Amino acid sequence: MTTKFVVGYDGSAASRRALDFAMERAKAGGASIIVAHVLEWSPYSFLTPTEIEERHKRRAEEMARAETAILAPLKAELASSGVEVETAIRYGQVADTLCDIATKSGAAQIFIARQGESGLAARVFGSVAGTLAQCAPVPCTIVP
Amino acid sequence: MNTSIKAAALAAPVAMLSAAPVLAQSIDEKVNQIFASSTGWFVNFIFSPFPGTSFPWIVMWLVIAATVFTLYFGFIQFRAFPHSISLVKGDYSDPNDAGEVSHFQALATALSGTVGLGNIAGVAVAVGIGGPGATFWMILAGLMGMASKFTECTLGVKYRNEYADGTVSGGPMYYMTKGFEERGIPAGKFLAILFSIFCILGAFGGGNMFQANQAHAQITNVVGEFPGWITGLIFAGIVFAVIVGGLKSIASVTEKVVPFMGVLYVATALVIILMNADMIGWAFGQIFAGAFTGLGIAGGMVGALIQGFKRAAFSNEAGVGSAAIAHSAVRTKEPITEGFVSLLEPFIDTVVICTMTALVIIITGQLVSDPNTGLYLLDEGASTIQTVDGNKGVALTSAAFSSAFPFFKYILAIAVILFAFSTMISWSYYGLKAWTFLFGEGQTKELVFKVIFCIFVVIGASASLGPVIDFSDAAIFAMAVVNIIALYLLMPIVKKELDSYLSRLKSGEIKKFS
């Protein structure tokens, strides 16, 4: 069984740096990569009646958009890299969901970009990278 | 010559200015007059008493239904209560369904449609007319109503329409048509049409005019008297922007603020009650004594009972059918799970929040009683209890809360406006569902409904409390007449679902995910 790395990827330049960094390590160590795209979602948020009615439809649209706009082009691009890449789209709180994917897939490491939250908001609400560093079940690499 | 023209030119606007309030006042009066005279027959029919008594048949209808469902499902509201909580917590939700509507979200949205003025103003009306004893009957009605809600919401999910594009539509009109067909009962379509008509009236009445009316009362309570149609126009404009203009930001802000307002309201009520901890025993004594003797209120024990049941039904809408529309969009493989979740709604709405309001009004001593006899003193009309400052409706609740925290009337005013607004948004949706069931879907048809809805906001804010509250009650109870007939005929289906689910839960086939 090959070693697996989970990479949090949202299509941003920062997350691309994290992915490239993970790709290099994977190439060197013969590991495979799970590119995880997490759509922020809480089952405890509040919705209007109309939003509730359309939720199932919107979810399908959001997943299709994530697949076609973010993951499909990436997969095509990485096909020739020689590293085995699979993708996952999930809903949930970003840090928790990444931990969950890592646990379930038996991954050896998580790679994630730092989103540069340094202001008051990050201090009050915490950042994804910070939360992940605290809750990750496996070693976690935060790429600046 | 020249000066007289000048004088006339100056005098005209002054005269217009001074005439404006008179004109404005008369608009309100006109609206009130036309409204009262055109809806009177409907109100009279719904609230007509049993011959020879003062007991309205409609109240009996709701009570009997809630009792029947409670017994038929073996006190499901108490048996399933812990399971309902773990469903809402998401213990039984498949993680792969993340991103779909959760049980919590369906419950929260349905609650924001019911928690509102019924809990603040409605309770004040009940206690103001029926005395503290009304609270007892209100709590009882809330507990029993949990079974009605369970029945209707299970059916709402089971018989909803799921369209190819992934949207869903559900509610009594769908279980009336599809459920009746399945059981081979005729007249499903007829009942569905009747229900839809009443639902539209309910949306205009309790879901709209009553809200606008009490929001205006609360605003004048804070800033002073001004004509109701002004509030009406402003409200109508905002509602129009949301439901017609699709201005989602307002709606979603409201949806997020309303739950916090609800929590703040209950927390404040608890603080006031705890500050008067020594009076809690006395307050409950008043509630129990009043429930069976009336303590001198108009109509005695029956008066208290009618008020309690009426306001509970109006507040939690159990048996009315509106919740079946709200709950039907949840993502679940088992319709019965939404039934379990929905039974928490009357509990939170009536047993918790309404009781808080009633306790605060009683404990802060808003109702005037005779120190010698302990009986409540009545107003000149001998229909309502005298209050310290002559307040009624939302103003009574406001006075009760302000007596402990003077600034609270401002918070309450904001809460009332937000509650009123979120209830209007919810009911515009229920009404729209009934409207499209009757006339079919289509942009123009939907627009017509939405515009009429906005017009009723203005009427509601302008008319006086009496006719508005009568019409609102009548329209909402008319929905219950039709809906409960359907529930009786379809309850064996719910029973089958319930037995199957409970046996699978027991055997371990249905498992917790976490």
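**Figure 1. Cover over the buried side of helix α12 of chain B.** In this predicted model, the buried residues of α12(B) are covered by elements that include α7 (133-158), α13 (300-316) and α16 (344-363) of chain B; contact here means heavy atoms within 4.5 Å. The buried residues themselves are B:Ala283, B:Gln286, B:Ile287, B:Gly290 and B:Ala291. They lie on the same side of α12(B) because they cover an arc of only 125° around the axis, the arc being that of the directions from the helix axis to the C-beta atoms. Buried denotes under 20% relative accessible area, exposed over 50% and partly exposed in between (1.4 Å probe, protein chains only). Helices (H or I, at least four residues) and strands (E, at least two) are DSSP runs, numbered from the N terminus.

Figure 2. Exposed residues B:Gly281 and B:Thr293 sit on the face turned away from the buried side of α12(B). The helix comprises 14 residues (280-293) and should span 20 Å at 1.5 Å a residue, which agrees with the 20 Å between its end C-alpha atoms; the expected span is 1.5 Å times one less than the number of residues. B:Leu295, which follows α12(B), has a positive phi, near 50°.

**Figure 3. The largest pocket.** Its volume is about 1100 Å³. Of the 40 lining residues, B:Gly90, B:Tyr92, B:Ser93, B:Asp94 and B:Pro95 lie nearest the centre. At least two lining residues come from each of β3 (85-92) and α3 (94-105) of chain A and α4 (81-89) and α5 (103-114) of chain B, and α3(A) gives the largest share, four residues. A pocket is an open set of points on a 1 Å grid over the protein atoms alone, where a 1.4 Å probe fits, with protein on both sides within 12 Å along at least five of seven lines; lining residues have an atom within 4 Å of a point. Grid points are joined across faces, edges and corners, and a volume is the space filled by probe spheres set on the points.

**Figure 4. The second largest pocket.** This pocket holds about 680 Å³ of space. Among its 28 lining residues, A:Thr50, A:Glu54, B:Leu432, B:Glu446 and B:Lys450 are the closest to its centre. The largest share of the lining, six residues, is supplied by α18(B).

**Conventions.** Residues are numbered from 1 along each chain as its sequence is written, and chains are lettered from A and ligands numbered from 1 in the order in which they are written. For this predicted model, local features need pLDDT of at least 70 and side-chain atom pairs count only at pLDDT 80 or more, while totals for chains, interfaces and linings use all residues; side-chain values use heavy atoms, with hydrogens and water left out.
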